[in-house]
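The following exercises concern the architecture of one protein. Please work through each task before reading its solution.

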Amino acid sequence: MANEQHLLQRISKAFYFQLQSSHIFQFFFFVFGLTFGFVACLYLKSFLVSLQAPTYSTLPPISSTVTQASHTTPPPPPPLELLLSSFVESANGTSNYARVSLKKQEFLTHNMSDQELFQNASMVSQTELPGKQVPKVAFMFMTQGPLPLALLWEKFFKGHEGFYSIYVHAHPSFNDSEPEDSIFYGRRIPSQPVYWGTSSMIDAERRLLANALLDISNQRFVLLSDSCIPLFNFKIVYDYLMDSNLSFLGSFDDPRKAGRGRYSPQMWPLINITDWRKGSQWFEVHRDLAMHIVSDTKYYPIFQKHCLMPCYMDEHYIPTLANMLYSELNSNRSITWVDWSRGGPHPAKFGWGDITDEFLNQIRFGSTCPYNENTTSICFLFARKFLPITLEPLLRVAPLLLGLEP
């Protein structure tokens with residue numbers, strides 16, 4: 001009997017020990033599972049973030065046409081469209097840029113007001129590019145609707161990807177879309193209506209500059225209209241701009257009624273009549289001057305209030321601002337040719353019959369001007385106003401005259 005009781009006690013102790021061991025094992029298994037799950041969640045989260053981050057290694061290489069030119073081959077530049085939202089977020093703490101869509105036409109879309117846009121653009125103050133990043137020229141087109149000479153510009157830009165950016169300010173009601181294989185596809189910025197002779201023209205120019213300034217690789221900024229054409233191939237234009245430290249902005253003192261006669265004494269004392277300048281609306285500026293134009297809150301309100309028709313703000317605001325703030329770094333001439341010889345408030349327009357070798361060569365080499373302390377016969381890189389019907393004859397002469405591919 002005693003032996004049986006002793007045996008039962010040993011069995012019960014063994015069962016109790018086994019039960020305790022089971023609970024301990026279950027506890028350790030629970031702790032291990034919880035830890036593994038937590039670590040797995042962290043790893044999965046970081047993995048998903050890495051999938052969402054922009055990848056630059058898949059960007060297409062620079063064309064061989066560019067690598068043979070005098071400008072050096074850039075590393076594939078990170079696309080501005082994938083950096084915009086992160087830039088604005090780092091500047092403001094919150095992102096005002098719309099989420100980037102896979103569709104190109106949404107790349108430049110944002111919901112910032114002009115004031116917010118100008119403020120954000122003013123924060124990107126770098127004038128020297130980090131590392132081996134190649135400087136680009138920002139080509140800014142101001143138009144009401146489509147670009148009728150787009151095919152000529154397509155040939156101008158072909159093979160030079162990575163050396164230029166394109167921005168288009170069209171009327172907000174213009175809804176037609178460019179073909180997906182066009183260099184202009186998805187390059188429209190948020191816009192407002194533009195009315196000739198009013199401050200809305202300057203607003204559009206500043207809008208274009210601000211959007212282009214968000215990309216620090218843009219170092220030169222060219223304003224163009226839908227009637228502008230290039231007078232030389234891309235390589236010549238690029239080197240001409242990059243090799244100069246000066247901006248190309250017409251700014252001169254015009255003593256006539258159409259010049260000083262438009263000055264309002266109410267602008268004094270911030271703007272004196274001796275500061276007053278006139279010049280072409282179509283400019284090319286360096287990044288420093290572009291920053292001044294976009295960040296100006298001192299002189300712009302004065303012009304907006306007192307430069308009313310027959311004072312045309314697009315002919316006086318930027319020329320006067322450049323004279324006051326940046327005169328030593330401005331060439332005081334425009335590189336966009338126009339013909340004012342016929343008189344009137346608008347320059348001459350050119351049609352099919354005007355497109356000849358002689359006519360275009362006269363524009364390209366028919367004058368002399370200073371360039372980098374020397375004299376050159378290449379004074380104009382662009383010309384206007386060319387009607388839509390000139391596209392076909394321009395495409396015919398482009399291979400021989402402009403060195404563009406047929």
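Helices here are DSSP runs of H or I with at least four residues, strands are runs of E with at least two, and both are numbered from the N terminus. The model is predicted.

**Exercise 1.** State how many helices and strands the protein has, and what share of its residues is buried.

Solution. By the above criterion, the protein has twelve helices and nine strands. For burial, the cut-off is a relative accessible area under 20%. Buried residues account for 46% of the 406 residues.

**Exercise 2.** Determine which strands stand at the edges of the open four-stranded sheet, and why one side of each lacks a neighbour.

Solution. Begin with the strand order, which is 2-1-3-5, with mixed pairing. Strand 2 (164-169) and strand 5 (284-286) are the edge strands; each has a single partner strand, so one of its sides has no neighbour in the sheet. From one strand to the next, the twist averages 20°.

**Exercise 3.** Describe the pairing of strand 3 with strand 5.

Solution. Strand 3 (residues 218-225) pairs with strand 5 in the antiparallel sense, over three bridges. Within this pairing, Val222 stands opposite Glu284 of strand 5.

How values were computed
Residues are numbered from 1 along each chain as its sequence is written. This is a predicted model: local features need pLDDT of at least 70, side-chain atom pairs count only at pLDDT 80 or more; totals for chains, interfaces and linings use all residues. Side-chain values use heavy atoms; hydrogens and water are left out. Two strands pair if DSSP finds at least two bridges between them. Axes are lines fitted to C-alpha atoms, for helices over the stretch in contact, and angles run from 0 to 180 degrees between N-to-C directions. Buried means under 20% relative accessible area, exposed over 50%, partly exposed in between (1.4 Å probe, protein chains only).
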